[in-house]
Amino acid sequence: MSVSEQVGGVSAPRVPDPVSVLVVEDDAAIRRAVQLSLERYGYQVAVAENGLDGLEAFRAGRHDLLILDVMLPELDGIGLCRRIREESLVPVLMMSARGDALDVVSGLEAGADDYVVKPVDTPVLVARIRTLLRRATFRPAESETTPARGTGPAHPASVSADAGTIPGELVFGDLSVNTLGLEVRRDGRPVPLTPTELRLLLEFAAAPGAVLDRRRLLRDVWDYGWEGDTRVVDLCVLRLRKKIGAERIETVRGFGYKLVRG
């Protein structure tokens, strides 16, 4: 260890590894602009110019987040996202040139967590990235899931759901949600959820039987401080239903969704 790394017998603090982002974009100008913009914010950026190269780059390295263009040669962004979802729950942000409804819906159905429309301002792109990364590393505070002594439950889910035998476990019929270990099981089998799907389920589990409107979910799950696209919510609910049971989340027309207790 060098003198600069150790002073007075005390090791220098370890510098956290930079966040690794993989950008898959076929337009060289856009690809370079996104790379330079994110590197200025301290991200470590890898790039690929088509879907097959993107898949190879994803498998070859460890990336904390992926940014995929919808229209890619060799393998389009939708197909690439599906292939990645077969192997990983890494956060995925789709980029669409037009923001067409079909592009957006297809990307979200394929498993993407969010999308942006090109051209996108760097602060907006970075804000979306930070939100996705926060969701991916989300850990509920103990006070949110554990009743304080003598004060009653600190979280609505503590009293609204059946408590399981495991600390922090909430049970809804055949579905169990461990809010401390962040594990979800259905009929005793693990349910693989993306960070966004897990965060959405935790919002429902915190208030089972209560109707949560789309705007609230956009704010609390996607962290939108501005008007967002509620299709993001609808498509994520659809994916979540496929994993935990379609009957578990009920649609309340004109209002939103609620988690069925029993």
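Which residue in β10 is the bridge partner of E169? It is N178. Please bear in mind throughout that this is a predicted model. The two strands concerned, β9 at residues 169-172 and β10 at residues 175-178, run antiparallel and are joined by four bridges. Together they make a hairpin with two residues between the strands, and G173 in the turn has a positive phi of about 60°.

I turn next to the parallel sheet. Five strands form an open sheet in the order β4-β3-β5-β6-β7, with parallel pairing. β4 (44-48) and β7 (114-117) each have a single partner strand and stand at the edges, so one side of each lacks a neighbour in the sheet. On average, neighbouring strands here are turned by 20° against each other, direction ignored. Within this sheet, β5 (residues 65-69) pairs with β6 (residues 92-96) in the parallel sense over four bridges, and I67 stands opposite L93 in β6. Helix α2, residues 51-60, packs on the sheet and touches β3 (20-24), β4 and β5; its direction makes about 165° with that of β3.

Finally, the antiparallel sheet. Here three strands form an open sheet in the order β13-β15-β14. β13 (212-213) and β14 (249-252) are the edge strands, each pairing on one side only. β13 is joined to β15 (residues 256-259) by two bridges, and L212 has Y257 as its bridge partner in β15. Helix α8 (residues 195-206) packs on this sheet, touching β13, β14 and β15, with its direction at about 70° to that of β15. Helix α10 (residues 231-244) also packs on the sheet, touching β14 and β15, and its direction makes about 145° with that of β14.

Technical notes:
Residues numbered from 1 in each chain as written. Predicted model: local features only at pLDDT ≥ 70, side-chain atom pairs only at ≥ 80, totals over all residues. Heavy atoms only, no water. Pairing = 2+ DSSP bridges. Axes fitted to C-alpha atoms, helices over the stretch in contact; angles between N-to-C directions. Contact = heavy atoms within 4.5 Å.
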